[in-house]
Amino acid sequence: GFASEQLILGLALEDSGDDEGAEAAYRAVIRLSPREPTSRTSLGLLLLRTSRREQALLELRRAAPLAESRADLAAIGAGLRRAGDAAMARRVLAEAVSADEAPAPPGLRAEIALAEFAAGQRPQAEQHLRALLTDMPPYASAHYLLANVLAAREAWREAAREYEAYLRAEPRGADADQARGRRDYVRARSR
């Protein structure tokens, strides 16, 4: 009957692969403590991961005004972007940046660029990724994302250079196979 224990249970069940049990625990937390943001955030992300996008959007939108910490706001913003609400994702991610006095971590900055891109603000996304790489040149994910942005605007040679930069930084990274294929594609287009 304690919300905090139900939340811990939900997180543990989700980690162990019991999505149904985790969902029940998160919903119990919401009933016991409706203003607690982590349970709604976790439920929203679980629903998104299990292909229930509309329900996920609802929970993430409900969680956003309750969240105060950078971590919660960043998770909600990323989930909103992946669920298709790029405009709200941008607003929530901006709140995540201002939720803490410390500089925004690179992952949050990259997520903002992704939300901008998804919202059709491609020049802003490119600008944010370039600024991120100016501050942190070895940040491999930013090279990959910038390459994708450049390829979308058909800046083939620049995109190829950014895919190469990603592959130099993370030759076995999670996106390495896609980066190789995309690099080869943009190289062929630049000829």
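Hi everyone, let's start with Glu154, which sits in the loop between H9 and H10. Helices here are DSSP runs of H or I with at least four residues, while strands are runs of E with at least two, and both are numbered from the N terminus. Phi of Glu154 is near 65°, a positive value in a residue other than glycine. Glu154 is also exposed, at 52% relative accessible area. For these labels, buried means under 20% relative accessible area, exposed over 50%, and partly exposed in between, using a 1.4 Å probe and protein chains only.

A quick word on the model. It is predicted, so local features need pLDDT of at least 70 and side-chain atom pairs count only at pLDDT 80 or more, whereas totals for chains, interfaces and linings use all residues. Residues are numbered from 1 along each chain as its sequence is written, and side-chain values use heavy atoms, with hydrogens and water left out.

Now please look at Ser51, in the loop between helix H3 (37-49) and H4. Phi of Ser51 is near 65°, again positive in a residue other than glycine. With 67% relative accessibility, Ser51 counts as exposed.

Is Glu59 buried or exposed? Glu59 is buried, with a relative accessible area of 6%. Setting aside neighbours within four places in sequence, Glu59 is in contact (heavy atoms within 4.5 Å) with Arg27, Ile30, Arg40, Leu43, Gly44 and Leu47.

H4 also meets helix H5, residues 70-83: their axes come within 10 Å and cross at roughly 150°. Axes are lines fitted to C-alpha atoms, for helices over the stretch in contact, and angles run from 0 to 180 degrees between N-to-C directions. H4 and H5 are therefore roughly antiparallel to each other, the label for angles over 145 degrees; under 35 is roughly parallel, 65 to 115 roughly perpendicular, and the rest oblique. On the H4 side, Arg53, Leu57, Leu60, Arg61 and Ala63 meet Ile76, Gly79, Leu80 and Ala83 of H5.

Finally, H8. Its buried residues are Ala125, Glu126, Leu129, Leu132 and Leu133. Looking down the axis of H8, these fall within an arc of 125°, so they line one face of the helix; that arc is taken from the directions from the helix axis to the C-beta atoms. Covering them are, among others, helix H7 (106-118), helix H9 (140-152) and helix H10 (156-169). The face of H8 turned away from the buried side carries the exposed Pro123, Gln127, Thr134 and Asp135.
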